[in-house]
Each structure stands twice: as C-alpha cells, then as structure tokens.
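Work through the exercises below with the sequence and the structure open. Each task is followed by a solution in steps.

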Amino acid sequence: MAKSKTSKAKKPKQSFDFGVNKKFPFDKYELYSDAVQSPSEDVKFYRDRYIDIRGRDLKPTVLREDFCGGGAISCEWVKLNKNYKSVGLDLDVVPMDYGRKNYISKLTDDQKRRILLIKKDVLTKNLPKADIVCAVNFSYFFFKQREILRQYFANVRDSLKPNGIFLVDIFGGTQCTDAIIDKTRHKNFTYFWDQKNFDPFSNEAKFAIHFKYNKKMYKNVFTYDWRMWTIPEVKEIMIEAGFKSTEVFWEGTARDGSGSGMFKKIEKGEACESWIAYIVGVK
Ligand SMILES: C[S@@+](CC[C@H](N)C(=O)[O-])C[C@H]1O[C@@H](n2cnc3c(N)ncnc32)[C@H](O)[C@@H]1O
C-alpha cells in the first residue's frame, strides 16, 4: 500500500532485469519499495480488519498476495505469527525472483517453509485458498473492463475460506483527473510520480515512476496504463461478484497535509486533491 497521499506507488507492466545494471545504476526494486511500500504495517492492518469483522475467536492463517511482485507483504505476514502462511501470485517471474533473492532469503528457515510465490494469472479459476486476500498498490486497475474486474473479484470470492476477507486499495481526488508530477525526496534518491494524462471518456490514465539518483534523472523506471476505478464502482462490483458486504477505510491527514498512513472506517468521503482508501470485501 502506498505510504501517503503523495506517494501512490505502482509497478511496471513490463519486466526489466533486476539489480544494478547499465540502464539503471541502482536497484530499482529497492528504490520502489523505499518510496511506496510499507508491508510490515500493511499486514497488521489486514490482520486487524479480519479480527474486527470476524471476532477474536476466528484466527486468520493464510494470506494470499495477488499481483505480489517481489512478495514483500507475503514475507511480512509469515513474520507476524509462527502459524501464519502466505502465498503470492504474479504473472511475472522477474519481480518474484527478485523477492526470492532479496526478501525470502532473509527469512528464518521456519518462515521460508511457510511462504510460496507462484507464477499465476489471477484471472484463472481455482486460485489458492486463503483467509485474507490482498491486491494492493492499485494493481487491479490493470483490468479496464467491468466484466473482467468482476471475473477477478469472483475468482477471489471463490478462493476465500468461509470467513475470508478481501482487501484492495484505491486512490482518487481532483488531482487524479489532471496531468501532474509529484516529487518526494528520500535519503539517497528523489521519487517522482508522474500522471501523464487522464481521459474522462474512459477514466483511463497513464502513469510513470522516475527516480533522480546521484544527480541524474532516470525516467519511466516503472510505467502503468490503468483505469481509474471509483469507490462506488468497486463496492458494487464486489457485491455483484458475490461478496456479502463491503467496508471502506479512509486515510487520515498528517499535520503537513500528507497522508497519515492511518485508516478509519467511513460511510462518507471528503472532497480533496488526493486521497487513498482501502475497500474490504466480506465473504
Ligand atoms: C503494481 S505491481 C504491484 C506489486 C506489489 N503488489 C506492490 O505492492 O508493490 C503489479 C504486478 O501485477 C502483476 N500482474 C499484472 N497482471 C496480472 C495478472 N493478471 N495476474 C497476476 N499478476 C499480474 C505484474 O506482473 C506486476 O508485478
């Protein structure tokens, strides 16, 4: 999940070699992760939502991370509790291999036994069963047609255990219907979130992540071509796909006006330039 309202992160459609290379003299996945991911916080949020919805007597065990990339969330889940297991699914073996080499290799032997990354299209049926499924960093925005998104949500619903829950994140705001570049300074690099366009006819937009590293600009390190789904659409499609109910959690605002990283359940949103929320589908 993105770290703040000004750091809505994402990942590339295409694969690149990982690690430092001629094209990028830095580890692009490491910079991406520093800029936009907070997996150790995310997994606690998922566990707490499950407990809030199902009560303390029912304990989640298996987390599935769809569109897992390097599987950072799956790694944090197995660290959270010695009984927890995780499975990550992604179409692309390159980020998964990166995750195996850089994240999974640092787990204990016991944790390694409880995690698996699998090359799989989330649009196929019979996905691995789980108590919690998450699809974050807006990855389902790849699916531009309602029918396809419903098919994906139905696959998730079918693969959830009887008390399962499904979490997705979403972003929006007036800024997202414009071409903008957002800049965030980090210790060793600067992160740029570039919204290249927005088409109100289709609600589609193209995005790119650039990094400034050692005073040099590296453009289009990750690129995305997405449909900007809205909260009511996602809620409706979850219900159409068979979820019993949905809940929405809205990110609070820090003193400096950026996102606080804290999410509260809401029944009504707030007009602003940029917002991030979670939508939870309850089986
Ligand atoms: C934006 S990245 C998200 C990575 C990670 N979830 C994160 O939080 O940073 C999107 C990932 O989705 C994967 N992907 C795209 N379409 C997919 C599909 N139909 N099934 C499985 N993975 C898919 C891509 O290969 C890519 O690694």
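**Exercise 1.** Classify Phe-143 as buried or exposed, then describe how its ring is placed against that of Phe-67.

Solution. Phe-143 has a relative accessible area of 12%. Buried means under 20% relative accessible area, exposed over 50%, and partly exposed in between (1.4 Å probe, protein chains only), so Phe-143 is buried. Phe-67, at 18% relative accessibility, also counts as buried.

Next, the rings. The model is predicted: local features need pLDDT of at least 70, side-chain atom pairs count only at pLDDT 80 or more, and totals for chains, interfaces and linings use all residues. Residues are numbered from 1 along each chain as its sequence is written, and side-chain values use heavy atoms, with hydrogens and water left out.

The structure holds 40 aromatic pairs. Rings of Phe, Tyr and Trp (its six-membered ring) pair if their centres lie within 6.5 Å; planes under 30 degrees apart count as stacked, over 60 as edge-to-face and the rest as tilted. The rings of Phe-67 and Phe-143 have centres 5.8 Å apart and planes at 50°, so this pair is tilted.

Last, the location. Phe-67 sits in the loop between β1 (62–66) and α3 (72–80), and Phe-143 in the loop between β4 (130–135) and α6 (146–159), so the pair ties together parts 76 residues apart in sequence. Helices (H or I, at least four residues) and strands (E, at least two) are DSSP runs, numbered from the N terminus.

**Exercise 2.** Assign the geometry of the Trp-77 and Tyr-84 ring pair.

Solution. The ring centres of Trp-77 and Tyr-84 are 4.1 Å apart and the planes stand at 10°, so the pair is stacked. Trp-77 is buried, with a relative accessible area of 0%; Tyr-84 is buried at 7%.

**Exercise 3.** Describe the surroundings of Glu-247.

Solution. Glu-247 belongs to strand β10 (residues 245–253). At 18% relative accessibility, Glu-247 counts as buried. Leaving out residues up to four places away in sequence, Glu-247 touches Ile-53, Lys-265, Tyr-278, Ile-279 and Val-280, where contact means heavy atoms within 4.5 Å. The side chains of Glu-247 and Lys-265 make a polar contact (3.5 Å). A polar contact is a pair of N or O atoms within 3.5 Å; within protein, one must be able to donate a hydrogen and the other to accept it, and residues adjacent in sequence count only if both atoms are side-chain atoms.
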